[in-house]
Amino acid sequence: MKKTKKLPRGLRNNNPLNIRKGAQRWQGQTGNDGAFCIFESMEYGYRAAFRLLHTYNTKYKIYSVREIIYRWAPPYDHNNTRGYIERVCQTAGLKETDLIVVNSWIDEKRNDAIWLVWAMAKVENGDAFISFEDMKKVRKGYDLAFAR
C-alpha cells in the first residue's frame, strides 16, 4: 500500500497563508476549523491574504518584506521569523528591504506582491505542496482582491 502525504492544514482549508479566524468574515469564507479560516477555494484564500497585506500597507504603513513577515509570523508566536524571511526572499527573488505595494498600478510592484504571496504559501505549506503551477491560483486571488 502506497503512503500518501497528508495535506497541510492551509491546503485542507483552502487557506494557503493560514489566516487565523477573527471577527471579520472574508469573502469566500465558509467557516473555520476552530483556529483558522476555511475558504471555498484556494483563490479565495489567496484573495484574503492579499486583502490582509493591503491592510498592512494602508493602515499600518508596513511595506518591506521584513516588516510584513515580522507581522505575519512574529517570533513571539513560536515562528522562526528570520528563517521565514530568508526562505521567502530566496524563493521569490526579493530582498528583505524590498518594498511591497500590494495594490499597485505598476506591473513590477504588483508582480512583487504576487511572488511574495506565492513564496509565503510555500513556506506555510511546504515546497512539496506548492509549485509554480499554483501561480495561476495566486494571480486569480489577486484579481479577486483588486478587480480592475
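Start by selecting helix H4 (residues 81-92) together with H5: their axes come within 9 Å and cross at roughly 125°. That makes H4 oblique to H5, and the crossing of the two is right-handed. Keep in mind as you go that this is a predicted model.

Now show the side chains where these two helices touch. On the H4 side, pick Tyr84, Arg87, Val88, Thr91 and Ala92. Across from them, in H5, you'll find Trp115, Leu116, Trp118, Ala119, Met120, Lys122, Val123 and Glu124. Colour this contact of H4 with H5 by class and you get 9 nonpolar, 1 polar and 3 charged residues.

Next stop: helix H6, residues 135-145. Which residues of H6 are buried? Select Met135, Val138, Gly141, Tyr142 and Ala145, and you have them. Turn the view until you look down the axis of H6: the buried residues fall within an arc of 115°, so they line one face of the helix. And what covers them?

With H2 and H6 both showing, check how they sit. Their axes cross at roughly 60° and come within 7 Å of each other. H2 and H6 are therefore oblique to each other, and H2 passes H6 in a right-handed crossing. From H2, the contact takes in Met42, Glu43, Tyr44, Tyr46, Arg47, Phe50 and Arg51. From H6 come Lys137, Val138, Lys140, Gly141, Tyr142, Leu144 and Ala145. Sort the residues of this contact of H2 with H6 by class, and there are 8 nonpolar, 1 polar and 5 charged. While you're here, notice Val138, Gly141, Tyr142 and Ala145: they are in the contact with H2, and they are also among the buried residues of H6.

Which residues meet here? Select Ala49, Leu52, Leu53 and Tyr56 in H2, then Ile68, Arg71 and Trp72 in H3. The residues of the contact of H2 with H3 split into 6 nonpolar, no polar and 1 charged.

From H3, follow the chain into the loop between H3 and H4 and stop at His78. Phi of His78 is near 65°, a positive value in a residue other than glycine. Is His78 buried or exposed? It counts as exposed, because its relative accessibility is 77% and the cut-off for exposed is over 50%.

For the last stop, go to the loop between helix H1 (9-12) and strand S1 (29-32), and select Asn18. Asn18 has a positive phi as well, near 55°, and is not a glycine.

Notes. Residues numbered from 1 in each chain as written. Predicted model: local features only at pLDDT ≥ 70, side-chain atom pairs only at ≥ 80, totals over all residues. Heavy atoms only, no water. Contact = heavy atoms within 4.5 Å. Helix = DSSP H or I, 4+ residues; strand = E, 2+ residues; numbered from the N terminus. Nonpolar A, V, L, I, M, F, W, Y, C, P; charged D, E, K, R; others polar. Axes fitted to C-alpha atoms, helices over the stretch in contact; angles between N-to-C directions. Parallel < 35°, antiparallel > 145°, perpendicular 65-115°, else oblique. Left-handed = near helix turned anticlockwise from the far one by under 90°. Buried < 20%, exposed > 50% of the residue type's maximum accessible area, 1.4 Å probe, protein only. Arc of directions from axis to C-beta.
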